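This briefing concerns the model shown below.

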Amino acid sequence: MTEKLSEETRGPLLDPLLSNGWSMVEDRDAITKTFKFDDFVDAFGWMSRAALWAEKWDHHPEWRNVYNSVEVTLTTHDVDGLSTLDAKLARKLDGLT
């Protein structure tokens, strides 16, 4: 069972992400980032690669695609906030760019 991030683990897991373009969502325990690509095909290709990891880890992002950008929000609905799965998926998404 996944657990909500504790105060002790939040900093070490989230600080590197926040330094890499992720930000906290106002009024939610969630993180968000907008990824920009050259065009729609690149954005959609990235989403396809990301979807394979999300499915493999059974942790699916909230996302929105408009032409060459993909806005991603991560939170773990089962724990009503951020978990290690969110940090893991955020690192993977950054690595796919």
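A residue is called buried at under 20% relative accessible area, exposed at over 50%, and partly exposed in between, with a 1.4 Å probe and protein chains only. By this criterion, phenylalanine 37 and tryptophan 46 are both buried. The model is predicted: local features need pLDDT of at least 70, side-chain atom pairs count only at pLDDT 80 or more, and totals for chains, interfaces and linings use all residues. Residues are numbered from 1 along each chain as its sequence is written, and side-chain values use heavy atoms, with hydrogens and water left out.

**Sheet and packing helix**

- Helices (H or I, at least four residues) and strands (E, at least two) are DSSP runs numbered from the N terminus, and two strands pair if DSSP finds at least two bridges between them.
- An open sheet is formed by four strands in the order S1-S2-S4-S3, with antiparallel pairing.
- Strand S1 (23-24) and strand S3 (62-66) are the edge strands, each pairing on one side only.
- Strand S2 (residues 31-36) runs antiparallel to S4 and is joined to it by six bridges; across this pairing, isoleucine 31 stands opposite leucine 74 and lysine 33 opposite valine 72.
- Helix H2 (residues 40-56) packs on the sheet and touches S2, S3 and S4, where contact means heavy atoms within 4.5 Å.
- The direction of H2 makes about 160 degrees with that of S3; axes are lines fitted to C-alpha atoms, for helices over the stretch in contact, and angles run from 0 to 180 degrees between N-to-C directions.
- S3 and S4 pair in the antiparallel sense over five bridges, and valine 66 stands opposite serine 69 in S4.
- The hairpin of S3 and S4 has two residues between the strands, and tyrosine 67 there takes a positive phi near 45 degrees.
- Five of the six residues of S4 are buried.

**Nonpolar core**

- A nonpolar core is a set of buried Ala, Val, Leu, Ile, Met, Phe, Trp, Tyr and Cys residues joined through side-chain atoms within 4.5 Å.
- The largest such core has 20 residues, and those with the most contacts inside it are Trp22, Ile31, Trp46, Val72, Leu74 and Leu93.
- Helix H1 (7-18), S2, H2, S4 and H3 each supply at least two residues of this core.
- Beyond its neighbours within four places in sequence, tryptophan 46 contacts Phe35, Phe37, Trp63, Val70, Val72, Leu93, Leu96 and Thr97.

**Aromatic and cation contacts**

- Rings of Phe, Tyr and Trp (its six-membered ring) pair if their centres lie within 6.5 Å; planes under 30 degrees apart count as stacked, over 60 as edge-to-face and the rest as tilted.
- Six aromatic pairs are found in the whole structure.
- Phenylalanine 35 and tryptophan 46 form a tilted pair, 4.6 Å centre to centre with 35 degrees between the planes.
- Because phenylalanine 35 lies in strand S2 and tryptophan 46 in helix H2, this pair ties together parts that are 11 residues apart in sequence.
- Phenylalanine 37 and tryptophan 46 also form a tilted pair, at 5.4 Å and 40 degrees.
- One aromatic cluster comprises Trp22, Phe35, Phe37, Trp46 and Trp63.
- A charge sits over a ring if NZ of Lys or CZ of Arg is within 6 Å of the ring centre and within 35 degrees of the ring normal.
- Lysine 88 lies over the face of tryptophan 57, at 4.2 Å from the ring centre, and lysine 92 over that of tryptophan 53, at 3.9 Å.

**Aspartate 80**

- Aspartate 80 is placed in the loop between strand S4 (69-74) and helix H3 (84-95).
- Aspartate 80 is exposed, with a relative accessible area of 62%.
- Residues up to four places away in sequence aside, aspartate 80 touches Lys4 and Asp29.
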